[in-house]
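Here are my notes for you, in numbered points. Keep the model open while you read, and look up each residue as it comes along.

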Amino acid sequence: FYERGAELLKDGGHLCYITSNKWMRAKYGEKLRGYLIKNTSLEILIDFGDSRIFNATTYTNILLLKKGTHQIKTRSWDLSKVFSFKSSVSDMLEKNEIGQSDFSLESFLIIDKSEASIKEKIEGIGTPLKDWDIQINYGIKTGFNEAFIIDGKTKDQLISEDPKSAEIIKPILRGRDIKKYKAEFADQWLIATFPALHLNIDNYPAVRDYLKTFGKRLEQSGEKDCRKKTCNKWFEVQDSIAYYAEFEKEKIVWAEIVFDSAFYFDKKGYFPEATTFIMTGGRIKYIVALLNSQPVTAIFKKFYAGGDLRGDTFRYKKAYLERLPLPKIKEELQKPFETMVDFILFAKEKGFDAQADIFEQVVDNMVYDLYFADSMKNADCYITDRIVEMIEPFDENESDDSKTEYIKLLAQAFKKDKTV
């Protein structure tokens with residue numbers, strides 16, 4: 001639509017559209033962003049965010065462009081927080097400062113000068129996650145959860161009928177089960193008949209007979225009342241899941257759509273449902289400390305999230321998260337963060353929420369120290385060195401009673417310590 005409009009112009013001619021703004025950040029908008037940068041001069045861009053301009057849930061922008069590459073400085077405004085029907089657009093533009101136009105193939109951002117300075121700093125310090133030794137994979141799409149996700153009672157019955165059933169019944173986490181540093185397992189189980197496993201379903205007669213009760217609904221033919229057309233067998237889940245071995249590794253699990261960061265470090269081998277993602281690879285305990293911190297959450301929401309959801313929710317999609325720059329420090333310097341994660345996980349698991357909250361605040365401050373060390377030191381707010389002096393990792397064979405005593409004493413010590 002934009003391209004055709006520009007083609008119809010003479011060189012130097014103008015085009016102005018009111019359209020959806022999702023192309024500004026979404027992955028699918030990359031080609032359009034590239035086309036506009038290469039072939040046009042952007043004169044004005046006004047982003048209204050999710051303001052209800054047309055009395056409906058719309059995501060609106062106004063773009064005025066000039067055909068050809070001319071030396072023009074784009075004037076851009078972000079009116080997403082100030083839009084009002086009581087004011088004209090011209091009044092809103094006059095009362096609000098022109099933003100910084102941070103335009104690239106990855107995204108079109110409109111930010112103020114201080115935000116532009118912050119973005120430049122974090123990108124100078126951090127390395128995008130796509131360049132780390134990690135893998136991000138989608139959760140499991142079954143095509144028909146009613147058959148493949150079962151409760152604990154059904155799981156027990158299938159195993160009692162045939163103990164071999166336990167080999168392909170796995171604990172599963174849904175997006176709603178995942179909290180920050182915690183999973184609330186809801187006794188939901190997955191019949192893990194992944195095509196990549198090349199199973200013979202007759203080796204699991206109890207599971208086979210159970211799935212047969214759903215009849216034609218499990219066929220993957222694309223016909224009415226069936227699952228979408230694939231080359232998979234009737235008893236298999238919809239997607240191949242060639243990466244199934246990653247599920248039983250230590251990993252980070254999170255829901256795609258959230259109100260706040262909620263990443264769980266999983267050591268229990270939960271399998272992820274379709275509304276979740278997983279991350280495996282190197283130094284993921286350090287990474288989860290950063291992802292759950294308030295500064296990294298704010299950085300992600302402001303500069304890297306897709307911006308295509310209404311209200312306070314946002315998306316941790318793979319394409320967005322891979323662009324997030326995290327400080328890639330030496331492994332020895334990562335260990336204090338990993339130790340703090342162990343403390344938080346234990347506190348959350350045992351219900352010591354007050355202590356967990358203190359530890360999370362400490363990690364927040366340590367993350368600020370990573371990105372803005374000079375500023376933190378100049379403001380007498382730098383605490384990382386003091387934290388390193390104060391903490392001792394859990395011993396591998398330490399009892400829960402000993403851990404409990406330690407984290408309670410440590411939380412009190414943090415509250416009383418002058419530096420912290």
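1. Let's start with a word you'll need: a residue is buried at under 20% relative accessible area, exposed at over 50%, and partly exposed in between (1.4 Å probe, protein chains only). Of the 420 residues of the protein, 51% count as buried. Keep in mind that this is a predicted model, where local features need pLDDT of at least 70 and side-chain atom pairs count only at pLDDT 80 or more, while totals for chains, interfaces and linings use all residues. Residues are numbered from 1 along each chain as its sequence is written, and side-chain values use heavy atoms, with hydrogens and water left out.

2. Now the overall layout. The protein has 15 helices and 20 strands; these are DSSP runs numbered from the N terminus, with helices being H or I of at least four residues and strands E of at least two. Along the principal axes, the C-alpha atoms fill a box of roughly 75 × 65 × 40 Å.

3. Next, the inside. A nonpolar core is a set of buried Ala, Val, Leu, Ile, Met, Phe, Trp, Tyr and Cys residues joined through side-chain atoms within 4.5 Å. Which members of the largest core touch the most others? Met279, Leu291 and Leu321 do, out of 65 residues. Helix H12 (residues 353–371) gives this core its largest share, nine residues. There is also a second, separate core of 35 residues, with Ile140, Ile169, Ile172 and Tyr210 among them.

4. Have a look at how two helices meet. Helix H6 (residues 152–161) and helix H7 (residues 205–212) pack with their axes 8 Å apart, at an angle of about 130°. Axes here are lines fitted to C-alpha atoms, for helices over the stretch in contact, and angles run from 0 to 180 degrees between N-to-C directions. H6 is therefore oblique to H7, since angles under 35 degrees are roughly parallel, over 145 roughly antiparallel, 65 to 115 roughly perpendicular and the rest oblique. Thr154, Leu158 and Glu161 of H6 meet Ala206, Val207 and Tyr210 of H7, where contact means heavy atoms within 4.5 Å.

5. Then there's Thr339, in helix H11 (residues 331–350). Is Thr339 buried or exposed? It is buried, at 9% relative accessible area. Leaving aside neighbours within four places in sequence, Thr339 contacts Ile391, Glu392 and Pro393.

6. Last, the cysteines. A disulfide is a pair of cysteine sulfur atoms within 2.5 Å, and the structure holds zero of them. For Cys231, the nearest cysteine sulfur is that of Cys226, 15 Å away. Cys231 counts as exposed at 84% relative accessibility, and Cys16 as partly exposed at 47%.
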